[in-house]
Amino acid sequence: MSEQPGSLDAEARRDALAERLFGSMLSSFDLAAVYLGDRLGLYRALVDARTSTSAELATRTGLVERYVREWLEHGAVTGFLEADATGDPLHRRYSLPAGHEAVLLDEISLAYSTPFVRMVTTSIRLLPEIMRAFTEGGGVPWSDYGPDLREGQAAGNRPQFHHLLGTEWLPAIPDLHARLSADPPARVADLACGEGWSTIAIARAYPKARVEGIDLDDPAIAQARRNLAATDVADRVAFHARDASEPALQGAFDLVTIFEAVHDLSQPVAVLRAARQLLAPGGMMLVVDERVADEFTAPGDDVERLMYGFSLLVCLTNALAESPSVGTGTVMRPETMRRYALDAGFREVTVLPIQHPTFRFYRLDP
Ligand SMILES: C[S@@+](CC[C@H](N)C(=O)[O-])C[C@H]1O[C@@H](n2cnc3c(N)ncnc32)[C@H](O)[C@@H]1O
């Protein structure tokens, strides 16, 4: 029998896809193991002990030894942990290799990755709800994802805000930097602020500025207030639990910000319009959103793949849980952002030349 044209290509593609999904399956188990290690305190206890057997770690964490042993063995075979060469599984000692602590435990490190793992693993738990939305319409509200999503989002962005917002991003906008540093004290509104780490970072960077964080999620604002209480900027920061599109919001702000949230909004134009009305003469708005490609291209790069993944499991479903909703999704192209801003009455939209692997920076002038 003669070979069908193209059949070799199809076979090669079949094998490549099967191999790729096999790798994805390994990665999924890695994520689940990191989730367990993080949420059960296993990484923290292992670092505190420096080296540990399964029984010692089980005692330290109050967990069941047999499960802890399996988690340790998985961690060692997958390369997250180190194990000594002991053949006896009960006497084998485990440790965290140098460098891994920053990724798994250091809440301020730019390499800190467990919050994102937490977001992904928890969103997979919501698959039955997401399937219901596919068949019946509607979406899955942010609150249904529970603390894993809210806390994961806040903790994931915290190191970026802590290290970069006040030292690189805002100083890269000279007129804004000058205003935030000057008298009379500048006023800043940080919309959709989540647990408030961006709000706090702005106040830390600019000792004269007064900063207000606004989010409609009550648990996020309650946590933002707790986060603030542990800082030395509490006298210049306030948090409000309310909808950022409320026309009742009042103020004359020199800067209004929205970090990683325009694409989540059911009514982005309404929120941007309300934000524009909050600006004092000479004020500007800074929107930070995903650095997706300018246009849809398939196959896409890793940022596109990441953002479509979050969109499918989190952002689109959240936005469509409200009605009416424009249903932007995580992959908000620069042209879409520009259209929203112009529809909201902004005169000029500029993509700022600030470098970041996943964020793009938009300046909106009224
Ligand atoms: C992806 S999170 C970003 C949170 C935060 N800016 C950060 O970077 O960590 C999106 C946030 O938008 C908030 N949000 C959505 N719609 C809103 C609205 N109409 N007014 C205020 N906040 C809103 C959600 O409650 C959520 O905290």
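## Welcome to this predicted model

Helices and strands here are DSSP runs, numbered from the N terminus, with at least four residues of H or I for a helix and at least two of E for a strand. The model is predicted, so local features need pLDDT of at least 70 and side-chain atom pairs count only at pLDDT 80 or more, while totals for chains, interfaces and linings use all residues. Residues are numbered from 1 along each chain as its sequence is written, and side-chain values use heavy atoms, with hydrogens and water left out.

**The chain as a whole**

- The chain has 14 helices and 9 strands.
- Along its principal axes, the C-alpha trace spans about 70 × 65 × 40 Å.
- Of the 366 residues in the chain, 45% are buried. Buried means under 20% relative accessible area, exposed means over 50%, and partly exposed lies in between (1.4 Å probe, protein chains only).

**Around the ligand**

- The ligand is surrounded by 18 residues, and the closest are Ala192, Asp215, Asp243, Ala244 and Phe259.
- Helix α8 (residues 147-169) gives the most to the shell, with 3 residues.
- On the oxygen side, a polar side-chain atom of Asn157 is 2.9 Å from an oxygen atom of the ligand.
- Asp243 has a side-chain N or O atom 2.9 Å from a nitrogen atom of the ligand. Phe259 uses its backbone instead: an N or O atom there lies 2.9 Å from a nitrogen atom of the ligand.
- Taken alone, the ligand exposes 600 Å², and the protein buries 93% of that. Such areas come from the Shrake-Rupley method with a 1.4 Å probe.

**The second largest pocket**

- The second largest pocket holds about 800 Å³ of space. A pocket is an open set of points on a 1 Å grid over the protein atoms alone, where a 1.4 Å probe fits, with protein on both sides within 12 Å along at least five of seven lines; lining residues have an atom within 4 Å of a point.
- This pocket is lined by 26 residues, and those closest to its centre are Ser24, Val120, Arg305, Leu306 and Gly309.
- Helices α1 (7-39), α6 (114-125) and α13 (302-319) each supply at least two lining residues. Helix α13 gives the most, with 9 residues.
- The lining divides into 13 nonpolar, 9 polar and 4 charged residues.

**Backbone features to look for**

- As background, most residues other than glycine have a negative phi, and most peptide bonds are trans.
- Ala192 has a positive phi, near 55 degrees. Ala192 counts as partly exposed because its relative accessibility is 24%.
- Glu260 also has a positive phi, near 45 degrees. Glu260 lies in the loop between β6 (253-259) and α12 (268-277), and it counts as buried because its relative accessible area is 16%.
- The peptide bond from Ala298 to Pro299 is cis, with omega near -5 degrees. Pro299 belongs to the loop between β7 (279-290) and α13.
- Another cis peptide bond joins Ser323 and Pro324, with omega about 0 degrees. Pro324 is in the loop between α13 and α14.

- Thr328 is in the loop between α13 and α14 (334-343). With a relative accessible area of 18%, Thr328 is buried.
- The side chain of Thr328 makes a polar contact with the side chain of Tyr340, at 2.8 Å. A polar contact is a pair of N or O atoms within 3.5 Å; within protein, one must be able to donate a hydrogen and the other to accept it, and residues adjacent in sequence count only if both atoms are side-chain atoms.
- Leu149 lies in helix α8 and is buried, at 0% relative accessibility. The C-alpha atoms of Leu149 and Gly282 are separated by 36 Å, and these residues are 133 residues apart along the chain.
- Ser198 is in helix α10 (residues 197-205), where it counts as buried at 2% relative accessibility. Ser198 and Val237 are 39 residues apart along the chain, and 11 Å separates their C-alpha atoms.

Technical notes
Grid points are joined across faces, edges and corners, and a volume is the space filled by probe spheres set on the points. Ala, Val, Leu, Ile, Met, Phe, Trp, Tyr, Cys and Pro count as nonpolar, Asp, Glu, Lys and Arg as charged, and the others, Gly among them, as polar. A residue is near a molecule or strand if one of its heavy atoms lies within 4 Å of it.
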